[in-house]
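The following questions and answers examine one protein model, step by step. Please keep the sequence and the structure in view while reading.

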Amino acid sequence: MMRSLYSGVSGLKNHQTRMDVIGNNISNINTTGFKSSRVVFADMLSQTLTGASAPDGATLGGTNPKQIGLGSSVSSIDLLFTNGSVQSTGKNTDLCLSSTNALFIMKSTNGTFYTRNGAFEFDADGNYVQPGSGMFVQGWMGEFDKANNKWKDPDPTSAVTNITIPSGKSMAPTKTTSATYSNNLNAKSPIGTKIATTLTVYGTEGFAHDVVITFTKKSANTWTPSATSSSYKDSAGNSVSDTVAFTTTPDLVFDENGVYKSGGNTAKLTVTNGEKTPFEVTVDFSKLTQYDQENTIAGTADDGNAAGTLSSISIDKTGVITGNYTNGMKQAEAQVALQRFTNPSGLEKTGDSLYQDSNNAGKSGEPNTATALGATITPSALEMSNVDIANEFTDMIVTQRGFQSNSKIITVSDEMLETLINLKR
């Protein structure tokens, strides 16, 4: 009877633990990125009265062991790392992560943490943070490559760092180094025909130079481009004239089928006035054709831009944060990093919807992109709690009945002990 008393007590304790877990799950029914838990019971030690015996040939059969169980115990409290539903918020800095084994990486002076709560925003210094804890979201930053005069996109093979994009960030001007002409020159144009086009290029100070390039038909299959004039608007908005010229005057030769043949795929255009430093643009004419169609020739700069100011940001499903600038340019400012775990249920909760690595979480490799980890990031949305309220209420009823049953074991055992004690009276 004493054994049954202690078995009942262990059952009460275990069902109380299970009720605590259920209560925590229900309490976090609306907690962003929350992962529910479950309690698994196991039987405790058993007292063996007699052991098992083997059969003795045809004389006597085998016997099973006689064991009395000594109650139950909590085998494990499992973290259920299934995906929660996607909840649209309309806030462009919110991120919803859909993955069974990846988390966002957060960092502070206390160390590195992980979370599924993607309610992020930019603070006063432009740091991408979790406002509830102030922790920095980790990722990779883009940067300007001065050697090659162009923006370098975030490199996921480098070490992760804090993501910082200050409000009103400036984009430096870059000069145009190459331009391309494409589309068609009319094959029926008479010899001597002149077609004027405007090619917009950017100088070292970021001014947009409108260069007029005129194409003159020299012979049946030959056209000659020439830079006839150029102008730009200075900082005061005044129109200023440039001096422009090709280093060499190329002849663009087409074959009898109207396909570009030779002459102008490396033409150099030099702008000498209006800039502190004259600049040179390589113009590629090799994509032109000469068919029996209307003139549709057009030239575009391959690079270069005016100075601009960051006006807004957007985030795509791979976690790339793109900056939109007042000069019409866009560039990848940063990319959010993720960390994969072989066993995310092995992570330790630290509060504030944060987790820490543990000996059994199985941290898998270095931080990587959502694409590489098979995850999906939904911008302007958050991951809802994965608590199943119907399942929790059902477990609550089962737990309540289990608690009542164990309490009844204690009551009946006590009555039996009382009867035994009363035998002396």
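**Questions on a predicted model**

Q: Between which two strands does the loop that holds K188 lie?
A: Helices (H or I, at least four residues) and strands (E, at least two) are DSSP runs, numbered from the N terminus. This is a predicted model, in which local features need pLDDT of at least 70, side-chain atom pairs count only at pLDDT 80 or more, and totals for chains, interfaces and linings use all residues. Residues are numbered from 1 along each chain as its sequence is written, and side-chain values use heavy atoms, with hydrogens and water left out. The loop with K188 lies between β16 (178-184) and β17 (194-202).

Q: Is K188 buried or exposed?
A: Buried means under 20% relative accessible area, exposed over 50%, and partly exposed in between (1.4 Å probe, protein chains only). K188 has a relative accessible area of 64%, so K188 is exposed.

Q: Which residues does K188 touch, not counting residues up to four places away in sequence?
A: Contact means heavy atoms within 4.5 Å. K188 and N295 are 107 residues apart in sequence, with their C-alpha atoms 9.9 Å apart in space. The residues that K188 touches are K217 and D292.

Q: Why is S230 classed as buried?
A: S230 has its place in strand β19 (residues 222-233). Beyond four places away in sequence, S230 touches H209, D210, V211, V240, S241, D242 and V244. S230 is classed as buried because its relative accessible area is 5%.

Q: Which residues have the most contacts inside the largest nonpolar core?
A: A nonpolar core is a set of buried Ala, Val, Leu, Ile, Met, Phe, Trp, Tyr and Cys residues joined through side-chain atoms within 4.5 Å. The largest one here has 26 residues. At least two of its residues come from each of β6 (95-98), β7 (102-108), β11 (135-141), β27 (308-315), β28 (320-325) and β29 (330-336). Those with the most contacts inside this core are F104, Y128, I321 and L338.

Q: Against which elements do the buried residues of α1 pack?
A: Helix α1 (residues 2-27) has 26 residues and reaches 37 Å from its first C-alpha to its last, close to the 38 Å expected at 1.5 Å a residue; the expected span is 1.5 Å times one less than the number of residues. Its buried residues include L5, L12, V21 and I22. They pack against β1 (37-43), β3 (66-69), β4 (72-79) and α2 (389-421).

Q: How far apart are the end C-alpha atoms of α2?
A: The buried residues of α2 are E392, T399, G402, N406, S413 and L417, and they pack against α1. At 1.5 Å a residue, the 33 residues of α2 should span 48 Å. This agrees with the distance between its end C-alpha atoms, which is 48 Å.

Q: Which residues that line the largest pocket are the closest to its centre?
A: On a 1 Å grid over the protein atoms alone, a pocket is an open set of points where a 1.4 Å probe fits, with protein on both sides within 12 Å along at least five of seven lines; lining residues have an atom within 4 Å of a point. The largest pocket has a volume of about 350 Å³, the space filled by probe spheres set on the points, which are joined across faces, edges and corners. Of its 17 lining residues, the closest to the centre are F144, K150, W151, N305 and Q331.
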